[in-house]
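Welcome! Here is a short briefing to read alongside the sequence and the 3D view.

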Amino acid sequence: MYRYDEFDRRFLDERVAQYRDQVRRRTIGQLSEDEFRPLRLRNGLYLQLHAYMLRIAVPYGTLSPAQLRMMAHVARKYDKGYGHFTTRQNIQYNWIKLEDTPDIMADFATVEMHSIQTSGNCIRNTTSDPFAGVTADEIEDPRPYCEIIRQWSTLHPEFSWLPRKFKIAVSASETDRAAVHIHDIGIYLKRNEAGEVGFQILIGGGLGRTPLMAQVLRDWLPKEHLLSYLEAALRVYNEYGRRDNIFKARIKILVQALGIDKMREAVETEWARMDHTKLDLNPEIIASIRAHFAPPAYAAPAADGDAQLNAATASDKAFARWVKYNVHPHKQPGYAIAVASLKPLGRPPGDCSAEQLELVADLSEQYGFGEVRVTHEQNLVFPDIRTENLYAFYKVLAANGMGTANAGLASDIIACPGLDYCSLANARSIPVAESLGKHLAAREEEIGPMKIKISGCINACGHHHVGHIGILGVDKNGEEFYQITVGGSADENSAVGGIVGRAVASDQVNGAVDKLLDVYLKQRVDGEDLPATYRRIGAEPFKEAVYGAR
Amino acid sequence: MVLVKAGKPIEDCWTHVENGDALPEGPVTVSWARWQTDRDNIAKSPADLGVRIPNTVTTAEIGAEAARFGTIIVNFPNFGDGRAFSQARVLRAQYGYKGEIRATGGVLRDQLQFMQRCGIDAFEVPERAMAEGWFDALNEFDLFYQPAEDNRPWIQRQRRGAN
């Protein structure tokens, strides 16, 4: 993984010193709360319902054991002993005191972590495929390009005060595990006809009030132009993006208003007239960043690795089920990618205790090469587990609440923090997720792959629009109701789900979801997923099942 | 408000003429709107000329004639509206503008270094700015992850030098 050099370290020290002084100026009254707010937001500090929330960036979701142990330390010393992984591969602490924040940032800086631009109208943490570098179906590891973007976007002098937040994702696989289409800019590594690797650039995706899928801005961009092209696109957005209405300020609205062809013309015109020479990446720069992500020293497969695995799955049904759902093929023979579930039944999705964080650090060293990934689905990934070690590894996970065999199933629910924490929320998300997960667990194997996503308000942090089943909390005269959508998808066939009908009360959510799933199970053919069934049969059968025939 | 250049408060030598008022002797600035409608008359004046541009003017509109202005005053209507960062940067980088670019409006201490990096070299700030040491902010960072218009070294280049 990427390791800081002296420049990165000194830069981050300067940032911590700057933030410490900002807090000091706020404390002595030189800064009003209105003036301080954008500064703390650009350091990931929100004021929530009960306390400050601090969001720490996990660049493209990759973590080291030292970083995990620091996350545990911060959870214990400054919070209530746990953290919460988010849908953008970051971690949040929900019970933070303002006066502690400079020290927390200084602590994180010692392990090469920061909270820079985890909020505010600026370029946010670049996200990626949690299987990057170890999956067989990728063109090349996308993370070096995420790191290049991370550095370029950090305290960018021109793009730190944009109309609205700006999110970038990079993926290199046919199977999109990074939800590229719902980003302001989405990037796929792609080969051109000559076989050279470059980038396909998508623009204008996003959820919120106006869910839109990103469209192709440029089908293929040579690698060296990555940053100059991004700079051209960001400049067009900074110049023309709307600032009169916060709900119309994302780049997706600009792309929608101009149309993708005019947007492309504007970006290409800007790109043609700007001087690329400073920003364009020479091959040595790319190579030096890629070297940080070189594969570890894999060993040959154990002669009896598969035999050991088969014996264990034959003798332990729970393990067999875990292998089926939580283990994915690795590009290296003899190794597997394993998902540790942060969705135990009846618990808040994505929460992780200090003890669990430390255990994850230990396991990554004992069974892997000291690397862990955070997924946008709020689970953790161990990228390099040897086949013959899977059973022993699983038993430790299971004994510590992280061995739930539900990755990709109905109880693997994404949920935002909702009204339990968030000052924007209209309704609670976590209790709905806890209840629904428990309710569906008994038949989730029959249901098969299923993405259920819950947001506590229209800002859609829980990605409800792109859930196979999406649940949106709404407020009706002070009561929590939930609007249900069906058929959404965040993968390479991305789509916004359709609204099934009027919102239902919280105690009716489980029953309504049951009815939707009944329709799907009855109607699906050839193992198609729910979005495929929805595309084929339309919304009516689902509406009828929940609300009756009209 | 106080005008600061090179870290020091200075006298504002420009007279900022309202729309409709007669042009006095000496260096003057006019609004972009007035320049658009009254360009020929204003251009007759022998004095130095500056222009105050709203942040909605595109650099394509002003860029070609930027060189005739001694100062271009860009506006931040509030600190969250960052359009003028791009205006300043493009004037410097793409139109080779060498005159003064002055920031007015809702300028925050913690934006000063961003502004300077984008090519802004004069700042209208509240009176308290000097007592509160706002211009220390111009030296808070000496490392940068991207090239800009201040011609300071940036990390990628420094790394290559170090190799």
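Two residues count as in contact if their C-beta atoms, placed from the backbone, lie within 7 Å. Keep in mind that this is a predicted model.

**Where chain B touches chain A**
- On the chain B side, 28 residues are in contact with 31 residues of chain A.
- Three helices of chain B, α3 (83-93), α4 (112-117) and α6 (155-162), each supply at least two residues of the side that touches chain A.
- The largest share of that side, 5 residues, comes from α3(B).
- By type, the residues on that side of chain B are 12 nonpolar, 8 polar and 8 charged.

**The largest nonpolar core**
- This core has 204 residues, and those with the most contacts inside it are Ile203(A), Ala233(A), Ala338(A) and Leu516(A).
- Helix α6 (residues 226-240) of chain A gives the largest share of the core, 9 residues.
- Apart from its neighbours within four places in sequence, Ala233(A) is in contact with Ile185(A), Ile203(A), Leu217(A) and Val267(A).
- In soluble globular proteins, nonpolar side chains tend to be buried together.

**A buried strand, β12(A)**
- Strand β12 (residues 335-340) of chain A is largely enclosed by the rest of the structure, because 6 of its 6 residues are buried.
- Tyr335(A), Ile337(A) and Val339(A) are buried on one side of β12(A), and Ala336(A), Ala338(A) and Ala340(A) on the other.

**Its partner strands**
- Strand β11 (residues 327-329) of chain A runs antiparallel to β12(A), joined by 3 bridges, and Pro329(A) has Ala336(A) as its bridge partner.
- These two strands form a hairpin with 5 residues between them, and Gly334(A) in the turn has a positive phi of about 95 degrees.
- Strand β15 (residues 380-386) of chain A also pairs with β12(A) in the antiparallel sense, over 5 bridges, with Phe382(A) opposite Ala338(A).

How values were computed
Residues numbered from 1 in each chain as written. Chains lettered and ligands numbered in written order. Predicted model: local features only at pLDDT ≥ 70, side-chain atom pairs only at ≥ 80, totals over all residues. Helix = DSSP H or I, 4+ residues; strand = E, 2+ residues; numbered from the N terminus. Nonpolar A, V, L, I, M, F, W, Y, C, P; charged D, E, K, R; others polar. Core = buried A, V, L, I, M, F, W, Y, C linked by C-beta atoms within 7 Å. Buried ≥ 20, exposed ≤ 12 C-beta atoms within 10 Å, placed from the backbone. Pairing = 2+ DSSP bridges.
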